[in-house]
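Please look over the sequence and the model below before reading on.

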Amino acid sequence: MVVKPRGDWRAGKLRCFGFTVHIREAAPRQDQDTKMKAIVFLGGGRITSALAAGLRLAKYRRRIVVYDRHPEKLRALRRESRIEIARDLSSAVGQAEMLIVAVRPGSVKEMIHEVARCGASPPKLCVSLAAGIPFRNLRTWLPAAVHWVRAMPSPVCRIDRGLTPVTFERTVTVSERAQVRQLFEQVGLVLEIPERQMDTITATHSPSHGYHALATLARAAESAGLDKRTALIAAAHALADGITYWRDSELDLDHLLHEAATPGGIAAATMAAMDEGGYARAVTRGLKAGIARAQRNAKL
Ligand SMILES: NC(=O)c1ccc[n+]([C@@H]2O[C@H](COP(=O)([O-])OP(=O)(O)OC[C@H]3O[C@@H](n4cnc5c(N)ncnc54)[C@H](OP(=O)(O)O)[C@@H]3O)[C@@H](O)[C@H]2O)c1
C-alpha cells in the first residue's frame, strides 16, 4: 500500500555541516504546463513504475505513456498507475512532449538507435535516467537536435519523498528546465548539479544506503540478543527517526551527535568502536566502488 506522508516537508531549508540548502516551494501539484502532450517513458521497469506511482499519488493528471518490450510489465503498470500503453515505438515517440529514457545503461545505445530509426521525430526535450551515461554519448547516439537532461530520481519518489538530482545541457532552454523541474518536483526534491557531480551523487543518494544500514544494524542487534522484530524496530528508530529529527529541527549534526552520546557513555563507546573498526573507511570504499561503476557506464 502506498501511504502519502503527512505535511509538505519540501519547502524550507536543510542544514548540514554548516551549509544551508534552500529548497524552493514545490510547483503546484497540478502541472502548469498546458502544452505538454504526454510524458513518454521508454522502458517500463522499476524506476518508471516508481515515478508513475508517485506522479499519480501527487494527483498528476497529464498523460503518461510507456513503451516497453514486455507487454505484461505494461499491463501491470496500467493497473498500478493508469499509464497508457504505447502501441509501438514510433507512436510513443510521436506523442512525446518529453521523452524519458528509462532503460538500463547497457541498453541505452540500442534504445536510442531504435528511436533514431523509428520514423517519428523525437521531441526537443529528452531526459536520460541512465546512471553514468554522459551527455557526449547521448548526443552521439541521437544526432537529432535534441536538448538533453540527465536526472537520477530515487525510487522513494513512489511515496512522494523522492530526491532527483538533475543536470542540463547548455542548450536546454529556461522553459524546458522549468518543465523538467516541475515534473520531478511532483514527487519530491529536485537538486540541480553540474554533470561532473552526477556519478558521485548517484552513489550517495541511493536509498539502498538506508536499507543496508538498517539490515546491518538489525542483524548485529539480533546476534547480540534481540529478537528479529525488536531489532528491526530499534534499528529503524535509530536511523530514520534520528535523521528525521535532524532534518526537522534544523539543528547542527555535531550538536545532535553530542546530545545523543553522553561522554563516556554507551553510544559514545559504540561509535568509537565502529570508527576504530573502519566505519568511515568502509563507507568511503563503498562510494568509490559505486562511482567507479558509474564511470564504467560512460564507456558502454
Ligand atoms: N531502479 C532505480 O532505482 C533507478 C533510479 C534512478 C535511475 N535509474 C536508471 O533508470 C534506468 C532503468 O532502470 P530500471 O531499474 O528501471 O531498469 P529495469 O527495471 O530493467 O527496466 C528497464 C525496462 O526497459 C526494457 N527495455 C530495455 N531496452 C529496451 C528496448 N530496446 N525496447 C523496449 N524495452 C526495452 C527492459 O526490458 P529487458 O529487461 O528485456 O531489457 C525493462 O523492462 C537505468 O539506466 C538506471 O540507471 C534507476
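Which residues does Gln95 touch, not counting residues up to four places away in sequence? This is a predicted model, in which local features need pLDDT of at least 70 and side-chain atom pairs count only at pLDDT 80 or more, while totals for chains, interfaces and linings use all residues. Residues are numbered from 1 along each chain as its sequence is written. With those neighbours left out, Gln95 touches Lys37, Ala38, Val40 and Val65, where contact requires that the C-beta atoms of two residues, placed from the backbone, lie within 7 Å. Gln95 lies in the loop between helix 3 (89-94) and strand 6 (98-101); helices (H or I, at least four residues) and strands (E, at least two) are DSSP runs, numbered from the N terminus. Gln95 is partly exposed because 18 other C-beta atoms lie within 10 Å, the class between buried (20 or more such atoms within 10 Å) and exposed (12 or fewer), again with C-beta atoms placed from the backbone. Between Gln95 and Pro123 there are 8.6 Å in space, C-alpha to C-alpha, although the two are 28 residues apart in sequence.

Leaving aside neighbours within four places in sequence, Val40 is in contact with Val65, Tyr67, Ala86, Ala92, Gln95, Ala96, Leu99 and Ile100. Val40 is also among the members of the largest nonpolar core, which has 56 residues, that touch the most other members, together with Leu42, Leu99, Ile100, Val101, Val127 and Leu129. The largest share of this core, 6 residues, comes from helix 1 (residues 46-57). Such a core is a set of buried Ala, Val, Leu, Ile, Met, Phe, Trp, Tyr and Cys residues joined through C-beta atoms within 7 Å. In soluble globular proteins, nonpolar side chains tend to be buried together.

Around the ligand there are 24 residues, the closest being Gly43, Gly45, Arg69, Ala130 and Ala131; a residue counts as near if its C-beta atom, placed from the backbone, lies within 6 Å of the molecule. Helix 1 and helix 4 (105-117) each supply at least two residues of this shell, and helix 4 gives the largest share, 5 residues.

Two loop residues other than glycine have positive phi values. Arg82, with phi near 55°, is found between helix 2 (71-81) and strand 5 (84-85), and is exposed because 12 other C-beta atoms lie within 10 Å. Asp160, with phi near 80°, is found between strand 8 (147-151) and strand 9 (162-168), and is buried because 22 other C-beta atoms lie within 10 Å.
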